[in-house]
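Let's take a walk through this structure, from the overall layout down to single residues. Have the sequence and the 3D view open as you read.

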Amino acid sequence: MSGIDDLPPLRQVIADHGLSARKSLGQNFLLDLNLTAKIARQAGDLSGADVLEVGPGPGGLTRGLLAEGARRVLAVEKDTRCLAPLSQIAEAYPGRLEVMNADALKIDPAAHLTPPIKIVSNLPYNVGTELLTRWLDPGDWPPFWSSLTLMFQKEVAQRIVAAPGSKAYGRLAILCQWRTDARIVMELPPEAFTPPPKVRSSVVHLTALPQPRFPADPKGLFRVTQAAFGQRRKMLRASLKGLAPDIEDRLTAAGIKPTQRAEELSLEQFCALSREIARAD
Ligand code: SAM
């Protein structure tokens with residue numbers, strides 16, 4: 001049986017297994033184990049936690065998570081070429097790594113993990129926001145996970161933590177900040193990856209709040225933010241007119257001027273407005 005010290009360097013793993021990066025799978029690999037350990041540490045103490053990793057690829061971050069003491073890692077990978085190198089890692093950490101060959105969009109990870117659960121991933125860019133949106137809207141709150149530590153394109157990370165009044169402020173900021181504490185904890189240049197992507201990347205850490213920051217129904221908040229930011233240059237009395245016949249009164253009742261625009265409203269105001277509109281339904 002091999003131990004962790006016998007695991008080959010990641011460049012060799014990639015060469016040995018013919019892991020040429022596929023764009024269609026969003027493959028940009030992290031090969032520096034000091035860097036992957038640093039990313040793993042952003043998730044806090046892992047020793048008492050199960051970790052879900054989506055898209056382990058050749059296993060750089062997986063090794064970081066295990067070396068940083070994760071109780072157990074469930075690694076969900078779509079690309080069958082990565083399975084052999086991942087099973088080598090599983091052998092080096094007996095009983096601590098389960099590899100699942102699946103599309104992360106088609107599985108229910110909670111069924112395979114024991115709380116507390118942390119999600120830590122260098123996400124494939126093509127499905128990153130879709131997965132984040134699902135994790136943030138699991139039906140019941142609190143969700144099955146306690147924190148998310150995720151790599152995104154810098155531009156997406158900025159949308160997650162954006163404040164009112166900024167260009168990046170929109171539905172993603174509302175969705176994330178309503179039920180989590182979200183902050184950018186690391187920035188990485190393109191050269192940190194193989195092959196390098198065109199853009200800079202950021203790691204975002206989101207901690208689930210025990211309950212949403214302000215009361216609102218998720219569907220109502222979704223409808224209001226979709227309509228408001230769908231026509232973000234328009235005044236709210238125009239962009240939201242399809243949501244309630246007396247939208248100007250609803251806006252005023254929520255303490256919002258009908259002439260304001262979406263990006264001027266705080267999260268608290270969006271929640272108040274969604275409650276006002278629900279009252280009118
Ligand atoms: N974690 C590795 C690292 O940091 O080097 C690889 C990260 S790479 C950005 C994204 C990984 O996600 C690839 O290994 C890719 O094959 C995998 N992937 C892409 N779409 C997926 C999906 N729908 N479900 C599971 N894995 C997926």
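A word on the database notes to begin with: UniProt positions are given in the numbering used here, feature names are shortened, and annotations may be inferred rather than shown by experiment. The numbering itself starts from 1 along each chain as its sequence is written. What you're looking at is a predicted model, in which local features need pLDDT of at least 70, side-chain atom pairs count only at pLDDT 80 or more, and totals for chains, interfaces and linings use all residues.

Start with the big picture. The chain has 11 helices and 9 strands; these are DSSP runs numbered from the N terminus, with helices being H or I of at least four residues and strands being E of at least two. The C-alpha trace spans about 70 × 35 × 30 Å along its principal axes. Of the 281 residues, 42% are buried. Here a residue is buried if 20 or more other C-beta atoms lie within 10 Å of its own, exposed if 12 or fewer, and partly exposed in between, with C-beta atoms placed from the backbone.

The chain splits into domain 1 (10-208) and domain 2 (218-280), with bounds that come from an automatic or database domain assignment. Their C-alpha centres lie 34 Å apart. Where the two meet, domain 1 puts in 9 residues and domain 2 puts in 11. "Contact" means that the C-beta atoms of two residues, placed from the backbone, lie within 7 Å. On the domain 1 side, the touching residues are 4 nonpolar, 3 polar and 2 charged. For these classes, Ala, Val, Leu, Ile, Met, Phe, Trp, Tyr, Cys and Pro count as nonpolar, Asp, Glu, Lys and Arg as charged, and the others, Gly among them, as polar.

UniProt, in an unreviewed entry, places "domain: Ribosomal RNA adenine methylase transferase N-terminal" at residues 35-210. That stretch is 29% helix and 27% strand, and its end C-alpha atoms are 31 Å apart.

Which residues does UniProt list for "binding site"? The unreviewed entry gives N28, L30, G55, E77, D103 and N122.

E77 sits in strand β3 (residues 72-77). Is E77 buried or exposed? It counts as buried because 24 other C-beta atoms lie within 10 Å. Beyond its neighbours within four places in sequence, E77 is in contact with G55, P56, G57, C82, L86, V99 and N101. N122, in strand β5 (residues 117-122), is buried too, with 27 other C-beta atoms within 10 Å. Setting aside neighbours within four places in sequence, N122 is in contact with L30, G55, L61 and M151.

Next, the inside of the fold. In soluble globular proteins, nonpolar side chains tend to be buried together. A nonpolar core here is a set of buried Ala, Val, Leu, Ile, Met, Phe, Trp, Tyr and Cys residues joined through C-beta atoms within 7 Å. The largest has 78 residues, of which V51, L65, V73, L150, I160, F270 and L273 touch the most other members. Both domain 1 and domain 2 give residues to this core, so it lies between them.

I160 belongs to helix α6 (residues 154-161), where V156, A157, R159, I160 and V161 are buried. Among the elements covering those residues are α5 (128-136), β6 (147-153) and β9 (201-208).

Finally, compare two loop residues. L243, in the loop between α9 (236-239) and α10 (247-253), counts as buried because it has 20 C-beta neighbours inside 10 Å. L243 and I277 are 34 residues apart along the chain, with their C-alpha atoms separated by 7.4 Å. V199, in the loop between β8 (193-194) and β9, has 14 C-beta neighbours inside 10 Å and so counts as partly exposed.
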